[in-house]
Amino acid sequence: MLKAMLSQPMGGKTQEEIVETRERAIHALQERGYKVVNTLCTDDTCNTTFRYTWNGKEAVEARGVVQLPLCFLAKSLENMSLCHAVYFCKGWEQARGCRIEHEAAKAYGLEIIYEE
């Protein structure tokens with residue numbers, strides 16, 4: 001089965017906007033036959049590999065992490081290794097992490113899909 005992940009800008013967005021965009025992107029990928037690899041990590045929603053290291057902000061900081069966004073980006077790139085494609089939501093060009101994910105996807109030959 002083909003797998004894809006989302007690259008979604010979240011800065012300056014409401015929770016409702018994030019969820020709406022995410023649901024729309026997941027639907028678009030599923031229509032194309034992709035299984036979506038979850039890269040959205042919160043206190044209680046992470047994929048299996050990240051659950052071992054994420055038990056809330058305090059737990060990550062206790063491990064010595066001082067750059068939380070960089071920690072999330074590292075896990076996102078790890079999850080990208082499980083995927084055949086990356087779906088870039090509108091506005092990805094303005095989000096630092098999304099731009100890095102785009103460069104990685106391009107450099108490693110993943111299919112790149114843009115939100116229409």
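**Entry 1: basis.** I worked from a predicted model, in which local features need pLDDT of at least 70, side-chain atom pairs count only at pLDDT 80 or more, and totals for chains, interfaces and linings use all residues. Residues are numbered from 1 along each chain as its sequence is written, and side-chain values use heavy atoms, with hydrogens and water left out.

**Entry 2: length of α5.** I looked up helix α5, residues 96-107; helices are DSSP runs of H or I with at least four residues, strands runs of E with at least two, numbered from the N terminus. Its 12 residues should span 16 Å at 1.5 Å a residue, and the end C-alpha atoms lie 17 Å apart, which agrees. The expected span is 1.5 Å times one less than the number of residues.

**Entry 3: faces of α5.** I found Cys98, Glu101, His102, Ala104 and Ala105 buried (buried is under 20% relative accessible area, exposed over 50%, partly exposed in between, with a 1.4 Å probe and protein chains only). Seen down the axis, the buried residues of α5 fall within an arc of 165 degrees, so they line one face of the helix; the arc is taken from the directions from the helix axis to the C-beta atoms. Exposed Arg96 and Ala107 sit on the face turned away from the buried side.

**Entry 4: Ser76.** I then turned to Ser76, which lies in helix α4. Ser76 counts as buried because its relative accessibility is 6%. Its side chain makes a polar contact with the side chain of Glu101 at 2.4 Å (a pair of N or O atoms within 3.5 Å; within protein, one must be able to donate a hydrogen and the other to accept it, and residues adjacent in sequence count only if both atoms are side-chain atoms).
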